[in-house]
Structure formats: structure tokens, C-alpha cells
Amino acid sequence: MTTRHSLRFLGGCFAATLVFGGLAFADKLPADNTGKNDPNRSHEGKKPTADQSKNDKSDIDITAQIRRSVMADKDLSMSAHNVKIIVASGVVTLKGPVKSVAEKNIIEKKAVEVAGPKNVTNQIEIAP
């Protein structure tokens with residue numbers, strides 16, 4: 001048997017071990033809770049994520065205004081341009097990494113100008 005055939009044989013054995021070995025542990029996995037994860041229930045007490053942005057016209061407008069303002073600022077880094085802007089019921093949450101405290105503050109200021117100071121939560125992090 002050549003080295004090439006030996007490697008193929010060993011690769012096949014490894015793949016079979018992964019498949020059949022994984023089946024042995026399948027009964028020990030927690031039950032699927034997909035039915036419990038109702039996307040329409042309240043997200044109170046949980047950190048907002050981008051998929052929680054609503055499709056209300058006013059929320060979409062707020063998001064667009066903030067995004068345009070951030071993108072228009074050519075002094076901001078690519079990371080700052082890619083910050084997540086999550087708007088739900090007029091409340092803005094900013095998330096993601098930026099290069100500096102100055103960028104974090106600039107983006108927050110842009111969001112406050114659009115949504116108001118009581119409607120902005122800044123969860124932006126400074127990248128190392």
C-alpha cells in the first residue's frame with residue numbers, strides 16, 4: 001500500500017470515527033428548544049441584537065439617519081463605519097468594536113443628535 005493510499009484509508013477511518021462516535025453522544029445532548037424560542041416575545045432584560053430591530057418606518061428612518069451620518073464621516077475607521085445600530089421602538093443601541101474612545105464618542109453623539117440623549121445606549125467597545 002502506498003503512502004497516498006494509506007493516508008486515504010486513515011482519513012476514511014477518522015471520518016467514520018467522528019460520525020459514529022458523534023452518534024454515541026447524541027442521546028446526551030439537551031433537548032431541542034426551538035419551540036420555546038419565540039421571536040415575538042418580549043426581549044426585556046436581554047441585550048439587544050441586530051435581529052431585534054423592528055421594521056417600523058420610524059425605526060428604519062432613525063437607523064438610516066444615524067448610518068448616513070456615520071458613513072459620511074471619512075475620519076472614522078472601517079470598524080467605526082461597521083458599528084451595529086439597533087433601533088427598537090425609537091431606542092437606539094450601538095454595538096461593536098472601534099479603534100478609539102474618540103470614535104466611540106463621535107458615533108454616540110451622532111446617534112444622540114438623531115434619537116435624543118435618553119434614547120441611546122452605547123455598548124461600543126474599544127478594540128485592543
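Student: In which strand does Thr121 lie?

Tutor: This is a predicted model, in which local features need pLDDT of at least 70, side-chain atom pairs count only at pLDDT 80 or more, and totals for chains, interfaces and linings use all residues. Helices (H or I, at least four residues) and strands (E, at least two) are DSSP runs, numbered from the N terminus. On that basis, the strand that holds Thr121 is S3.

Student: Is Thr121 buried, partly exposed or exposed?

Tutor: Buried means under 20% relative accessible area, exposed means over 50%, and partly exposed lies in between (1.4 Å probe, protein chains only). The relative accessible area of Thr121 is 35%, so this residue is partly exposed.

Student: Which residues does Thr121 contact, leaving aside its neighbours within four places in sequence?

Tutor: Contact means heavy atoms within 4.5 Å. The C-alpha atoms of Thr121 and Leu94 are 6.3 Å apart, although 27 residues separate the two along the chain. Apart from neighbours within four places in sequence, the residues in contact with Thr121 are Val92, Thr93 and Leu94.

Student: In what order do the strands of the sheet stand?

Tutor: Strands of a sheet pair through backbone hydrogen bonds, either parallel or antiparallel. Two strands count as paired if DSSP finds at least two bridges between them. Here three strands form an open sheet with mixed pairing, in the order S1-S2-S3.

Student: Why is one side of S1 and of S3 left without a neighbour in the sheet?

Tutor: The sheet runs in the order S1-S2-S3. S1 and S3 (120-126) each have a single partner strand, so one side of each lacks a neighbour in the sheet; both stand at the edges.

Student: Over how many bridges do S1 and S2 pair?

Tutor: Strand S1 covers residues 84-88 and strand S2 covers residues 91-98. Val87 stands opposite Val92, and Ile86 has Thr93 as its bridge partner. In their hairpin, two residues lie between the strands, and Ser89 takes a positive phi near 55 degrees. The two strands pair in the antiparallel sense, and the number of bridges is five.

Student: Which residues does Lys84 contact, leaving aside its neighbours within four places in sequence?

Tutor: Lys84 has its place in strand S1, and at 46% relative accessibility it counts as partly exposed. Its C-alpha atom is separated by 5.1 Å from that of Lys95, eleven residues apart along the chain. Leaving aside neighbours within four places, Lys84 is in contact with Arg67, Thr93, Leu94 and Lys95.

Student: At what angle do helices H2 and H4 pack?

Tutor: Axes are lines fitted to C-alpha atoms, for helices over the stretch in contact, and angles run from 0 to 180 degrees between N-to-C directions. Among the residues that meet are Ile62 and Ile66 in H2 and Ile107 and Val114 in H4. The axes of H2 (residues 57-72) and H4 (residues 101-115) are 9 Å apart. The packing angle is about 145 degrees.

Student: Finally, in what sequence do the elements of the chain run?

Tutor: The chain has four helices and three strands. Of its 128 residues, 23% count as buried. From the N terminus on, the elements run α-α-α-β-β-α-β.

Terms used. Residues are numbered from 1 along each chain as its sequence is written. Side-chain values use heavy atoms; hydrogens and water are left out.
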